[in-house]
Amino acid sequence: GPGSLSERKNVLQLKLQQRRTREELVSQGIMPPLKSPAAFHEQRRSLERARTEDYLKRKIRSRPERAELVRMHILEETSAEPSLQAKQLKLKRARLADDLNEKIAQRPGPMELVEKNILPVESSLKEAIIVGQVNYP
């Protein structure tokens with residue numbers, strides 16, 4: 001018949017011979033210009049940069065208020081300059097350390113802990129410790 005395989009092959013071959021070159025397609029705006037790998041890479045990098053920028057802008061827009069950060073103990077509650085804030089914090093830490101050292105120095109010994117039922121000991125042993133029969137280190 002008229003649609004025989006060889007006929008169709010011929011038509012196809014003719015069409016393939018007549019088809020426009022890539023350059024023609026590019027110049028007619030039908031196809032994008034062939035990207036050189038460098039340009040393509042650059043494009044991808046700037047796209048990623050833009051995406052990161054968008055993400056950061058969104059984050060900054062939705063960041064918590066100062067009061068919220070203070071409440072969460074992320075920021076110090078202070079009206080001091082940033083340069084003074086660091087000094088304030090150092091001072092606060094030093095005070096805390098002193099306080100802890102003092103508490104450690106004054107902490108009760110094992111005898112006192114046994115008497116106050118803080119250190120668990122068998123009752124017979126406890127009796128002996130409190131009355132002083134046992135030399136408790």
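This is a predicted model: local features need pLDDT of at least 70, side-chain atom pairs count only at pLDDT 80 or more; totals for chains, interfaces and linings use all residues.
**Entry 1: a first salt bridge**

I started at Arg-71 and Glu-68, whose side chains meet in a salt bridge at 3.0 Å, N to O. For the term, I noted that a salt bridge is a side-chain nitrogen of Lys or Arg within 4 Å of a carboxyl oxygen of Asp or Glu. Arg-71 and Glu-68 sit three residues apart in helix 4 (residues 66-71), so about one helical turn separates them. Arg-71 counts as exposed because its relative accessibility is 56%, and Glu-68 counts as partly exposed because its value is 30%. My cut-offs here: buried is under 20% relative accessible area, exposed is over 50%, and partly exposed is in between (1.4 Å probe, protein chains only).

**Entry 2: what I'm looking at**

Residues are numbered from 1 along each chain as its sequence is written, and side-chain values use heavy atoms, with hydrogens and water left out.

**Entry 3: the whole chain**

How many helices and strands are there in the protein chain? I found seven helices and zero strands. Read from the N terminus, the order is α-α-α-α-α-α-α. Helices (H or I, at least four residues) and strands (E, at least two) are DSSP runs, numbered from the N terminus.

Next I looked up the overall dimensions. The protein chain has a radius of gyration of 41 Å, whereas a compact globule of 137 residues would be near 14 Å. That radius is taken over C-alpha atoms, and the globule rule is 2.2 Å times the number of residues to the power 0.38. Along the principal axes, the C-alpha atoms fill a box of roughly 120 × 50 × 25 Å.

Buried residues make up 7% of the 137 residues. Of the contacts with a separation of 6 or more, 8% come from residues 24 or more positions apart; contact means heavy atoms within 4.5 Å. The accessible surface comes to about 12700 Å², and 57% of that belongs to carbon and sulfur atoms. Those areas come from the Shrake-Rupley method with a 1.4 Å probe; for residues, only the protein chains shown count as cover.

**Entry 4: helix 1**

Helix 1 (residues 5-18) has 14 residues and reaches 20 Å from its first C-alpha to its last, close to the 20 Å expected at 1.5 Å a residue. The expected span is 1.5 Å times one less than the number of residues.

**Entry 5: more salt bridges**

I went back to the charges and found that the structure holds seven salt bridges. One of them joins the side chains of Arg-45 and Glu-42, at 3.8 Å, N to O. Arg-45 and Glu-42 are three residues apart in helix 3 (residues 37-61), so they are separated by about one helical turn. Both are partly exposed: Arg-45 has 39% relative accessibility, and Glu-42 has a relative accessible area of 37%. Glu-42 and Arg-45 are also linked with Arg-49 in a network of salt bridges.

Another bridge joins the side chains of Lys-116 and Glu-112, at 3.1 Å, N to O. Glu-112 counts as partly exposed because its relative accessibility is 36%.

**Entry 6: a nonpolar patch**

Which residues make the nonpolar surface patch of about 300 Å²? They are Leu-96, Leu-100 and Ile-104. Patches are made of residues with over 30% relative accessible area and no salt bridge; like charges are joined within 9 Å, and nonpolar side chains (Val, Leu, Ile, Met, Phe, Trp, Tyr) within 5 Å. I placed Leu-100 in helix 5 (residues 82-105), and at 48% relative accessibility Leu-100 counts as partly exposed.

**Entry 7: two loop residues**

Last stop, backbone angles. Phi of His-73 is near 60 degrees, a positive value in a residue other than glycine. His-73 lies in the loop between helix 4 and helix 5, and it counts as exposed because its relative accessibility is 73%.

Asn-117 also has a phi near 60 degrees, positive in a residue other than glycine. I found Asn-117 in the loop between helix 6 (110-115) and helix 7 (123-131). Buried or exposed, then, for Asn-117? Asn-117 is exposed, with a relative accessible area of 57%.
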